[in-house]
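Here are some questions about how the words used for a protein model are decided. Each reply sets a value against its cut-off.

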Amino acid sequence: QVQVVESGGGFVQAGQSLKLACTVSGFSFGAQGMGWFRQAPGKEREGVSCIDWRGEYKYYVDSVKGRFTVSRDNAKSTLSLQMNNLKPDDTAVYYCAISKSVGCPNDWGRSSYYDHWGQGTQVTVSS
């Protein structure tokens, strides 16, 4: 049984940092790309970042480029998202998901390209 568990969310002031983690079990973690998504109240789920199976190729939505960094440790089956200089617009529930492919497709932000989602972790940024 595949399990995906996010952690690390919290309440911070604008300009501060958080690091999210996603652990995967019951799955060959190192064989697939991984994605981070977020969903703010009243908004659609948005792709935040995608990383290929080796961690060589990384993609970000424009709004987080230069502030967020995705990484993975295949030996520990862990995906991370370092979030710096957080803004109130970053407030959302953050999810990680397993890509259906080894890499990140051109439209990597499409939810349908991912299986096995976690329950999410809340990030709240106050101004």
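Q: Which residues does tyrosine 95 touch, not counting residues up to four places away in sequence?
A: Tyrosine 95 touches Glu6, Gly35, Trp36, Phe37, Gln39, Arg45, Trp117, Gly118, Gln119 and Gly120. A contact means heavy atoms within 4.5 Å. This is a predicted model, in which local features need pLDDT of at least 70 and side-chain atom pairs count only at pLDDT 80 or more, while totals for chains, interfaces and linings use all residues. Residues are numbered from 1 along each chain as its sequence is written, and side-chain values use heavy atoms, with hydrogens and water left out.

Q: Why is tyrosine 95 called buried?
A: Buried means under 20% relative accessible area, exposed means over 50%, and partly exposed is in between (1.4 Å probe, protein chains only). Tyrosine 95 has a relative accessible area of 13%, so tyrosine 95 is buried. Tyrosine 95 lies in strand S9.

Q: What makes asparagine 85 count as partly exposed?
A: Asparagine 85 has 41% relative accessibility, so it counts as partly exposed. Asparagine 85 is found in the loop between S8 and S9.

Q: How many disulfides does the structure hold?
A: The structure holds two disulfides. A disulfide is counted when a pair of cysteine sulfur atoms lies within 2.5 Å. In general, a disulfide is a covalent bond between the sulfur atoms of two cysteines.

Q: How do you know that cysteine 22 and cysteine 96 are joined by a disulfide?
A: The S to S distance of cysteine 22 and cysteine 96 is 1.8 Å, which is within 2.5 Å. The pair links distant parts of the chain, 74 residues apart: cysteine 22 is in strand S3 (residues 18-25) and cysteine 96 is in strand S9 (residues 92-99). The link of cysteine 22 and cysteine 96 has 55 degrees about the S-S bond and is right-handed.

Q: Are cysteine 22 and cysteine 96 buried or exposed?
A: Cysteine 22 has a relative accessible area of 0%, so cysteine 22 is buried. Cysteine 96 is also at 0%, so cysteine 96 counts as buried.

Q: What makes cysteine 50 and cysteine 104 a disulfide?
A: The sulfur atoms of cysteine 50 and cysteine 104 are 2.0 Å apart, and the cut-off is within 2.5 Å. Cysteine 50 lies in strand S5 (residues 46-51) and cysteine 104 in the loop between S9 and strand S10 (114-117), so the pair ties together parts that are 54 residues apart in sequence.

Q: Why is the disulfide of cysteine 50 and cysteine 104 called left-handed?
A: The torsion about the S-S bond of cysteine 50 and cysteine 104 is about -95 degrees, so this disulfide is left-handed. Cysteine 50 is buried at 0% relative accessible area. Cysteine 104 has 15%, so cysteine 104 is buried.

Q: What pattern do the disulfides of the protein chain follow?
A: With bonded cysteines counted along the chain, the pattern is 1-3, 2-4.

Q: Why is serine 80 called buried?
A: Serine 80 has a relative accessible area of 12%, so serine 80 is buried. Serine 80 is placed in strand S8 (residues 78-83). Among the residues that serine 80 touches, beyond those up to four places away in sequence, are Leu20, Trp36 and Val70.

Q: How many helices and strands are in the protein chain?
A: The protein chain has zero helices and 11 strands. Helices (H or I, at least four residues) and strands (E, at least two) are DSSP runs, numbered from the N terminus.

Q: How do you know that the radius of gyration agrees with that of a compact globule?
A: The globule rule is 2.2 Å times the number of residues to the power 0.38, and the radius is taken over C-alpha atoms. With 127 residues, a compact globule would have a radius near 14 Å; the protein chain has 13 Å, which agrees.
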